[in-house]
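Colleague: Please take a close look at one part of this model for me. I would like the end of the chain, with its side-chain pairs and backbone angles.

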Amino acid sequence: MQLKGKSTNIKGILSKKEITKLYEATTESVLGLRDRAADPVLWVWFEKKRRTSLNTDDILLEKELVLVRKGKGYKASYVPLTGSNNKDLEYYLNFSRPYLLNGKKEPALLLNANGKRL
């Protein structure tokens with residue numbers, strides 16, 4: 001497919017096969033569970049700045065939604081969680097994230113190995 005526009009404006013789009021490979025590359029480690037929770041929906045739907053600005057209260061597991069506080073036109077909107085993404089996020093939030101926090105208080109959804117915003 002040929003995309004028009006400046007090369008700096010064109011974003012890479014992952015195929016289903018590429019998303020599956022990313023998901024399969026995750027491990028059962030603490031950071032692997034974080035990466036699995038972030039794949040594939042968060043990587044597909046959000047640019048890097050929005051992914052890293054997500055907080056835990058933006059994830060509505062019961063409703064299977066992610067709140068995007070500043071979406072297009074700076075308006076809030078919701079993005080659905082599909083398939084196993086809801087379970088992966090729940091597992092990360094309940095098991096892996098608390099381990100990464102190590103008693104710290106941090107609202108960020110995605111944390112690095114030191115328990116700080118990714």
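Modeller: Glu-106 is partly exposed, at a relative accessible area of 22%. This is a predicted model. Glu-106 makes a salt bridge with Arg-117. The closest N and O atoms are 3.9 Å apart. That falls inside the limit, because a salt bridge needs the nitrogen within 4 Å of the carboxyl oxygen. Both partners belong to the segment after α5 (85–101), 11 residues apart. Arg-117 is partly exposed too, with 33% relative accessibility. Neither residue counts as buried, because buried means under 20% relative accessible area, while Glu-106 has 22% and Arg-117 has 33%. The search of the whole structure gives 1 salt bridge.

Asn-102 also lies in the segment after α5. Its phi is near 50°, a positive value, and it is not a glycine. Most residues other than glycine have a negative phi. Asn-102 is exposed, with a relative accessible area of 64%.

Tyr-91 and Phe-95 sit 4 residues apart in helix α5, so about one helical turn separates them. Their rings form an aromatic pair. Tyr-91 is partly exposed, at 40% relative accessibility. Phe-95 is exposed, with a relative accessible area of 51%. The cut-off sits between these values, because exposed means over 50%. The count for the model is 1 aromatic pair.

Glu-64 has a positive phi of about 55° and is not a glycine. Glu-64 is placed in the loop between β1 (59–60) and β2 (65–68). Its relative accessible area is 40%, which makes Glu-64 partly exposed.

Finally, the setting. The protein has 5 helices and 3 strands. Along the sequence they follow the pattern α-α-α-α-β-β-β-α. Of its 118 residues, 34% count as buried. Among contacts between residues at least 6 apart in sequence, 39% join residues at least 24 apart. The accessible surface is about 8400 Å², and 54% of that belongs to carbon and sulfur atoms.

Methods:
Residues are numbered from 1 along each chain as its sequence is written. This is a predicted model: local features need pLDDT of at least 70, side-chain atom pairs count only at pLDDT 80 or more; totals for chains, interfaces and linings use all residues. Side-chain values use heavy atoms; hydrogens and water are left out. Helices (H or I, at least four residues) and strands (E, at least two) are DSSP runs, numbered from the N terminus. Buried means under 20% relative accessible area, exposed over 50%, partly exposed in between (1.4 Å probe, protein chains only). Contact means heavy atoms within 4.5 Å. Accessible areas come from the Shrake-Rupley method with a 1.4 Å probe; for residues, only the protein chains shown count as cover. A salt bridge is a side-chain nitrogen of Lys or Arg within 4 Å of a carboxyl oxygen of Asp or Glu. Rings of Phe, Tyr and Trp (its six-membered ring) pair if their centres lie within 6.5 Å; planes under 30 degrees apart count as stacked, over 60 as edge-to-face and the rest as tilted.
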